Amino acid sequence: MKISFRIKSDLSELNTLFDQLKNLEHKWSLSKKTLTEINLVLDELITNTIEHGDCDKKHPIEITLQKKDLKLTIEIIDTG
């Protein structure tokens with residue numbers, strides 16, 4: 001199962017990121033612990049992408065999560 005979404009390169013979008021993950025909690029039957037761990041990883045990656053990317057320009061950040069059995073693949077694409 002695969003899901004993709006975009007957020008803006010703005011730290012306020014971390015709330016949008018968490019909302020997207022909350023939607024996955026039920027779809028993928030994730031435990032609260034797993035959801036918290038995925039959120040922590042993505043929060044760090046997105047924060048670094050925003051803080052160390054091209055701060056003068058706002059650009060979309062595309063996030064793709066793919067779950068297959070017990071394996072989760074995360075892909076983050078940005079132009080910053």
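**View A. Buried residues of helix H1.** Leu-14, Leu-17, Leu-21, Leu-24 and Glu-25 are the buried residues shown for H1 in this predicted model. Viewed along the axis of H1, the buried residues lie within an arc of 115°, so they line one face of the helix. An α-helix has 3.6 residues a turn, so residues three or four places apart point the same way. On the other side of H1 are Asn-15, His-26 and Lys-27, which are exposed.

**View B. Length of helix H1.** H1 consists of 14 residues and spans 14–27. From the first C-alpha to the last, H1 reaches 20 Å, close to the 20 Å expected at 1.5 Å a residue.

**View C. Ser-29 in the loop between H1 and H2.** Ser-29 belongs to the loop that lies between helix H1 and H2. Its phi is positive, about 55°, although Ser-29 is not a glycine. Ser-29 counts as exposed because its relative accessibility is 64%, and the cut-off for exposed is over 50%.

**View D. Asp-69 in the loop between E2 and E3.** The loop between E2 and E3 holds Asp-69. Asp-69 also has a positive phi, near 55°, and is a residue other than glycine. With a relative accessibility of 66%, Asp-69 counts as exposed.

**View E. His-59 and its contact with Asp-78.** His-59 is located in the loop between helix H2 (32–52) and strand E2 (60–68). A polar contact of 3.2 Å joins the side chain of His-59 to the side chain of Asp-78. His-59 counts as buried because its relative accessibility is 10%, and buried means under 20%.

**View F. Nonpolar surface patch at H2 and E3.** Val-41, Leu-45, Leu-72 and Ile-74 make a nonpolar surface patch of about 280 Å². H2 and strand E3 (71–77) are the elements that give two or more residues to this patch.

**View G. Ile-74 within the patch.** Ile-74 is a residue of strand E3 and one of the residues that make the nonpolar patch. Ile-74 has a relative accessible area of 30% and is therefore partly exposed, the class between buried (under 20%) and exposed (over 50%).

Methods:
Residues numbered from 1 in each chain as written. Predicted model: local features only at pLDDT ≥ 70, side-chain atom pairs only at ≥ 80, totals over all residues. Heavy atoms only, no water. Helix = DSSP H or I, 4+ residues; strand = E, 2+ residues; numbered from the N terminus. Buried < 20%, exposed > 50% of the residue type's maximum accessible area, 1.4 Å probe, protein only. Polar contact = N/O pair within 3.5 Å; in protein donor to acceptor, adjacent residues only side chain to side chain. Patch = residues over 30% accessible without salt bridge, like charges linked within 9 Å, V, L, I, M, F, W, Y side chains within 5 Å. Areas by Shrake-Rupley, 256 points an atom, 1.4 Å probe, with all protein chains shown as cover. Salt bridge = Lys/Arg side-chain N within 4 Å of Asp/Glu carboxyl O. Expected span 1.5 Å × (residues − 1). Arc of directions from axis to C-beta.
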